[in-house]
Amino acid sequence: MRRSPNIIVTGTPGVGKTTHCESLVERTGLRHISVNQVVKDKTCHEGWSEEYQSWIVDEDKLLDAIEEDVAAGGCIIDWHACDLFPRSWIDLVVVLRVDSTTLYDRLKARNYAEAKLQENLDSEIMEVLLQEARESYDEEIVIELTSNSLEEMDSNLDRVEAWVKQWKADNASSSA
Ligand code: ADP
């Protein structure tokens, strides 16, 4: 049994996953698992895709690489996909969303090539990650939060922090 919950923070690149995760670590003491970093550091990939400008992830290797940490609980998994993580691992899925104009500006600032930028904008407009989360996990544990402004981010952080406290209180009493 976990004493601390595991959370996925997901969404299209540029929505604010890493920024949210870093603040959540400070506020909750949970650990940030940046999947991009794990993929690079532990070579959980089959090489670099020029077409997609990203690593071709070996999902089995990735799951093996993080399994021990996640089993212990208290992890915030940060990635632009969520359907590969077993349901039994996860207590909350946060899907971050932004308006197209905001996302355009953020990806442009990262110097994304036009095709990749457009692909990510389409994915955000089509709610691809939200659908993926809803299809992969129980509806009650999936929450959609907007991340257009610092005010919205603050309110998201308050909400997730309160959720973590409540989860810990509920799970402490149920195992007593
Ligand atoms: P992701 O991890 O989803 O790719 P990042 O956390 O790297 O996104 O955020 C992308 C950019 O957008 C960063 O420059 C970050 O400072 C900015 N940003 C993220 N969320 C917000 C927000 N709620 N309000 C204003 N700027 C934000």
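For I66 I listed the contacts (heavy atoms within 4.5 Å), and, residues up to four places away in sequence not being counted, I66 touches I33, V38, I77, F85 and W89.

For the record, residues are numbered from 1 along each chain as its sequence is written, and side-chain values use heavy atoms, with hydrogens and water left out. In this predicted model local features need pLDDT of at least 70 and side-chain atom pairs count only at pLDDT 80 or more, while totals for chains, interfaces and linings use all residues.

**Annotated binding site**

I checked the UniProt record, an unreviewed entry, which places the feature "binding site" at G14, G16, K17, T18, T19 and R110; the positions are given in the numbering used here, feature names are shortened, and annotations may be inferred rather than shown by experiment. The lining of the largest pocket includes G14, G16, K17, T18, T19 and R110.

I found G14 in the loop between β1 (7–10) and α1 (17–28), and G14 counts as buried because its relative accessibility is 11%. Leaving aside neighbours within four places in sequence, G14 is in contact with L103, R106, L107 and R110. R110 sits in the loop between α4 (100–109) and α5 (114–125) and is partly exposed, with a relative accessible area of 49%; not counting residues up to four places away in sequence, R110 touches P13 and G14.

**Largest pocket**

I searched on a 1 Å grid over the protein atoms alone, where a pocket is an open set of points with protein on both sides within 12 Å along at least five of seven lines, a cavity is a set where a 1.4 Å probe fits but cannot get out, and lining residues have an atom within 4 Å of a point. The largest pocket has a volume of about 1,100 Å³, and of the 38 residues that line it, the closest to its centre are P13, N36, S54, W79 and H80. Two or more lining residues come from each of α1, α2, β3 (45–49), β4 (54–57), α5 and α6, and α5 gives the most, with 5 residues.

**Largest cavity**

I noted 1 cavity of 30 Å³ or more, and about 40 Å³ of space lies in the largest cavity. The largest cavity is lined by V9, H20, L24, V94, L96, L145, N156, L157 and V160. At least two of the lining residues are supplied by each of α1, β6 and α7 (150–175), and α7 gives the most, with 3 residues.

Methods: Helices (H or I, at least four residues) and strands (E, at least two) are DSSP runs, numbered from the N terminus. Buried means under 20% relative accessible area, exposed over 50%, partly exposed in between (1.4 Å probe, protein chains only). Grid points are joined across faces, edges and corners, and a volume is the space filled by probe spheres set on the points.
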